[in-house]
Every structure is written in structure tokens, then in C-alpha cells.
Amino acid sequence: MSIQKNLLSIKAALPANVSLVAVSKTKPVADLLQAYDAGQRIFGENKIQEMTDKWQQMPKDIEWHMIGHVQTNKVKFMAEYVSLIHGVDSLKLLEEINKQAQKHNRIIDCLLQVYIAEEESKFGLNEEELIEIFHYVQSQGEAEQSNANYKNEMKNIKIVGLMGMATFTENQNQIKKEFQNLKTIFDTFKQLETFNLKLETISMGMSGDYQLAIDCGSTMVRIGSSIFGGRS
Ligand SMILES: *Cc1c(COP(=O)(O)O)cnc(C)c1O
């Protein structure tokens, strides 16, 4: 099947409230352009250098999502253009994103990555660390409201949701449990609201498990191989 056919058939089956990130990591620009010509405007990459190269070569009405683990010292290379950073997993990283966004006079949307898998290798925050970040961001927001002179430290980021990756396993029940866990955490905190914090997006689900993720409440799926074919 062609990239265009893959994309259109996946899109046709997605509920209206679920957005599709076409994960194009390792794929050449020619492949991305096929998806672009079929109407796709959101692309996900997991390496900042590769994403920046593609951003330079591709049409400018694309939303670029960083879906991989982000090293603090590389944020500056994408701060000018990145639309959404999925894998924010520390306050230190959030502060760096804020700082780099400020330099470009932008607000960068972020998802906090929550650790839901049973694997050691997956990045992410536990619930306690998540709460710590929410409290910090909220206290910044309140301080700003109560004092006109207060210099807000976090006014160039916005936390717009959560992201999670399930364990790499065939066990559907396990995956379902992990997705449900992320949805529960999302629901616990979705009433929080400050100028830079409002949970609206749950990014979960990849080629192998996105249907299950949608059943569990995903609003954003990240699909690579089912669109572009396997990666070597
Ligand atoms: C590669 C990747 C995907 C897409 O994986 P596929 O199985 O090819 O759909 C989704 N999310 C993240 C974080 C990835 O690194």
C-alpha cells in the first residue's frame, strides 16, 4: 500500500476528537511529502537534528512534534519552530524550554510524559513528580495574578496534556491497564487551570496499539510504521 492510502485509511477510522501525529523518524523527506500531499500537517520526530533538517526542507504550514526524549542542551535547536513537545519529564527541562521559547518570543506547548509501563527503559514522571510540577507551575500562575510586578518564570510554556507509552508486549490486557492508568491520572488533574496549565490532550497509542488507546480515551495517536512502512 502507498503512504497516501495508508494515511487516508487510518484517518478515516479515527474519531473526530483524535488527532493524528504522522511519525516520520528515519524516513526521507520524499516520504513525508507524500503524506503532506495527502493532507497530513502534523509530523512527529524523535531526534531534534533530524526534525530540524526536515523542518528546513518541508512546507512551513506543518506542525512539528518532538516525540522522543529531549536533552536539555538541545532544546535551543527546535525552540524557533516546534509546535508540541511530548516527552517533558523534568522541571529542569521545562525551565529550559521556557527559557528558549522566551528568546523567540513564543509559547511552546508541552505534554508531561508519565511513566506507565512496567519496563525500566521508558522515560517519564511518576504521579508524585507530576504533582510537584503542577504545583510549581500553578504557584507561578497564582503569584503572577496577585502581583503585577511579579516576573513569571513559566510564561513561555503551556502544559496542555499528558503523554504515555505502554509496555512493549503482546499482552493486550497489560497495555489496556496502562492506558487506563494514564486516563485516570489525566482525569484526576484535568480540572487544574492556570494561564499555563490546562490538560486537554492525552497522547497515547502507536501503530500496534492505537485502537486500544482510543478506546481508553486517547485524543492524540502517534503512528509511524502503519503509515510509512517499517523502519530498518
Ligand atoms: C517511533 C515512535 C512512535 C511510532 O511508532 P510506530 O510503532 O512506528 O507507530 C510513537 N511514539 C514514539 C514516542 C515513538 O518513538
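## Basis of the model

Helices (H or I, at least four residues) and strands (E, at least two) are DSSP runs, numbered from the N terminus. The model is predicted: local features need pLDDT of at least 70, side-chain atom pairs count only at pLDDT 80 or more, and totals for chains, interfaces and linings use all residues. Residues are numbered from 1 along each chain as its sequence is written, and side-chain values use heavy atoms, with hydrogens and water left out.

## Two positive phi angles

Thr26 sits in the loop between strand 1 (19-23) and helix 2 (29-37). Its phi is near 70 degrees, a positive value in a residue other than glycine. Most residues other than glycine have a negative phi.

Asn105 also has a positive phi, near 55 degrees, and is not a glycine. Asn105 belongs to the loop between helix 4 and strand 5 (108-114). Asn105 is exposed, at 70% relative accessibility. Here buried means under 20% relative accessible area, exposed over 50%, and partly exposed in between (1.4 Å probe, protein chains only).

## Ligand site

The residues around the ligand are Val23, Lys25, Ile67, Met165, Met206, Ser207, Arg222, Ile223, Gly224, Ser225 and Arg231. This shell divides into five nonpolar, three polar and three charged residues. In that count, Ala, Val, Leu, Ile, Met, Phe, Trp, Tyr, Cys and Pro are nonpolar, Asp, Glu, Lys and Arg are charged, and the others, Gly among them, are polar.

Polar contacts are pairs of N or O atoms within 3.5 Å; within protein, one must be able to donate a hydrogen and the other to accept it, and residues adjacent in sequence count only if both atoms are side-chain atoms. A polar side-chain atom of Ser207 is 2.5 Å from a ligand oxygen. For Lys25, a side-chain N or O atom lies 2.7 Å from an oxygen of the ligand. Gly224 uses its backbone: a polar atom there is 2.8 Å from a ligand oxygen. The ligand taken alone exposes 390 Å², and the protein buries 90% of that. Accessible areas come from the Shrake-Rupley method with a 1.4 Å probe; for residues, only the protein chains shown count as cover.

## Aromatic pairs

Rings of Phe, Tyr and Trp (its six-membered ring) pair if their centres lie within 6.5 Å; planes under 30 degrees apart count as stacked, over 60 as edge-to-face and the rest as tilted. The count comes to three aromatic pairs. Among them, Phe43 and Trp64 have ring centres 5.8 Å apart and planes at 35 degrees, so this pair is tilted. The pair links distant parts of the chain, with Phe43 in strand 2 (residues 42-45) and Trp64 in strand 3 (residues 63-66), 21 residues apart. Phe43 is buried at 0% relative accessible area. Trp64 is buried, also at 0%.

Trp55 and Tyr81 form a stacked pair, because their centres are 4.2 Å apart and their planes at 5 degrees. Trp55 is buried, at 15%. Tyr81 is buried, at 7%.

## Gln100 and the cysteines

Gln100 lies in helix 4 (residues 91-103). Gln100 is buried, with a relative accessible area of 5%. Its side chain makes a polar contact of 2.8 Å with that of Glu96.

The structure holds zero disulfides, a disulfide being a pair of cysteine sulfur atoms within 2.5 Å. Cys110 is buried at 0% relative accessibility. Cys216 is buried at 8%.

Technical notes
Near = heavy atom within 4 Å.
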